[in-house]
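Please look over the sequence and the 3D structure shown here before reading on. The report is meant for a reader who is new to them.

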Amino acid sequence: MLDKKILFMLNSQINKEFYSSYLYLDISNYYYDNSLDGFGNWFAIQAQEEYAHAMLFLKYLKNNGDKVKLDAINAPDNKFTNFKQPLTDVLEHEIFISRSINDIYAFAYEIKDFKTMQFLDWFVKEQGEEEQKAEGLCKRFDLFGSDPRGLYLLDTELSSRVYAAPSLVI
Ligand code: OFO
């Protein structure tokens, strides 16, 4: 079984991952509502990925013989006023999630919980990639988003994203 504080931190991370999934689904709906189906698709897939992350944390607790406590998931309260805003919010959110995972990692290191550190290694890398993806979307929106043809092409590109299950197997 896991150390009590690590257990609490990992359990909280389950909620954060489910919230991320909710947040991205909300963003997906926003873009679909505004006929940007490619962006809608991209974020619907991102929502699926976040759900899968939550399930990995859940499984890790179970594999260690610990109980999972599911908390209420906050409703996303985003009132977007332009197409760029969700992208900026996503970048901020991913930075917040990276910090949260780093904090768990730092505590695991402090108490020599090498098993948890090894489990988290995949997430540390994944967060780096997600921050990069979010930053890339912001930059490309700045370049092409204000031109209708540019926006159309970007939307078409994002429509080709398909779901791939996380490479981490536990
Ligand atoms: Fe769960 O990957 Fe980002 O937030």
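This is a predicted model: local features need pLDDT of at least 70, side-chain atom pairs count only at pLDDT 80 or more; totals for chains, interfaces and linings use all residues.

## Helix α1 and its partner α3

Two packed helices are described by the angle between their axes and the distance between the axes. For helix α1, which covers residues 4–33, and helix α3, which covers residues 85–110, the angle is about 170° and the axes are 11 Å apart. Because angles over 145 degrees count as roughly antiparallel, α1 and α3 are roughly antiparallel to each other. Sorted by class, the residues in the contact of α1 with α3 are 18 nonpolar, four polar and five charged.

Two residues of α1 can be followed individually. S28 is placed in this helix, and its relative accessibility of 2% falls under the 20% limit, so S28 counts as buried. Apart from neighbours within four places in sequence, S28 is in contact with G40, F43 and A44. F18 also lies in α1, and at 14% relative accessibility F18 counts as buried. When residues up to four places away in sequence are not counted, F18 touches Y51, A54, M55, L70 and I73. From F18 to N74 the separation is 56 residues in sequence, while their C-alpha atoms are 9.4 Å apart in space.

## Two loop residues with a positive phi

Most residues other than glycine have a negative phi, and most peptide bonds are trans. Against that background, S35 has a positive phi of about 65° although it is not a glycine. S35 is found in the loop between α1 and α2, and its relative accessible area of 59% is over the 50% limit, so S35 is exposed. Between S35 and L70 there are 35 residues in sequence and 35 Å in space, taken from C-alpha to C-alpha.

K112 is not a glycine either, and K112 has a positive phi of about 60°. The loop that holds K112 runs between α3 and α4, and with a relative accessible area of 60%, K112 is exposed.

## The largest pocket

Which residues line the largest pocket? They are E49, H53, W122, K125, E126, E129, A164, A165, P166 and S167, and the pocket that they line has a volume of about 170 Å³. By class, this lining divides into four nonpolar, two polar and four charged residues.

Helices α2 (37–63) and α4 (114–144) each supply at least two residues of the lining of the largest pocket. The helix that gives the most to this lining is α4, with four residues.

## The largest cavity

Rolling a probe the size of a water molecule over the atoms shows where empty space is left. In this model there are two cavities of 30 Å³ or more, and the largest cavity has a volume of about 80 Å³. Its lining is made up of Y24, W42, F43, Q46, L87, V90, E94, E130, K133, A134 and L137. Helices α2, α3 and α4 are the elements that give two or more residues to this lining, and α4 contributes the largest share, four residues.

The lining of the largest cavity has seven nonpolar, one polar and three charged residues. F43, one of the residues in this lining, is also one of the residues in contact with S28.

## The second largest cavity

The second largest cavity has a volume of about 40 Å³. The residues N11, I14, N15, F18, K69, L70 and D71 line this cavity, and by class they are three nonpolar, two polar and two charged.

Key
Residues are numbered from 1 along each chain as its sequence is written. Side-chain values use heavy atoms; hydrogens and water are left out. On a 1 Å grid over the protein atoms alone, a cavity is a set of points where a 1.4 Å probe fits but cannot get out, and a pocket is an open set with protein on both sides within 12 Å along at least five of seven lines; lining residues have an atom within 4 Å of a point. Grid points are joined across faces, edges and corners, and a volume is the space filled by probe spheres set on the points. Ala, Val, Leu, Ile, Met, Phe, Trp, Tyr, Cys and Pro count as nonpolar, Asp, Glu, Lys and Arg as charged, and the others, Gly among them, as polar. Buried means under 20% relative accessible area, exposed over 50%, partly exposed in between (1.4 Å probe, protein chains only). Contact means heavy atoms within 4.5 Å. Axes are lines fitted to C-alpha atoms, for helices over the stretch in contact, and angles run from 0 to 180 degrees between N-to-C directions. Angles under 35 degrees count as roughly parallel, over 145 as roughly antiparallel, 65 to 115 as roughly perpendicular and the rest as oblique.
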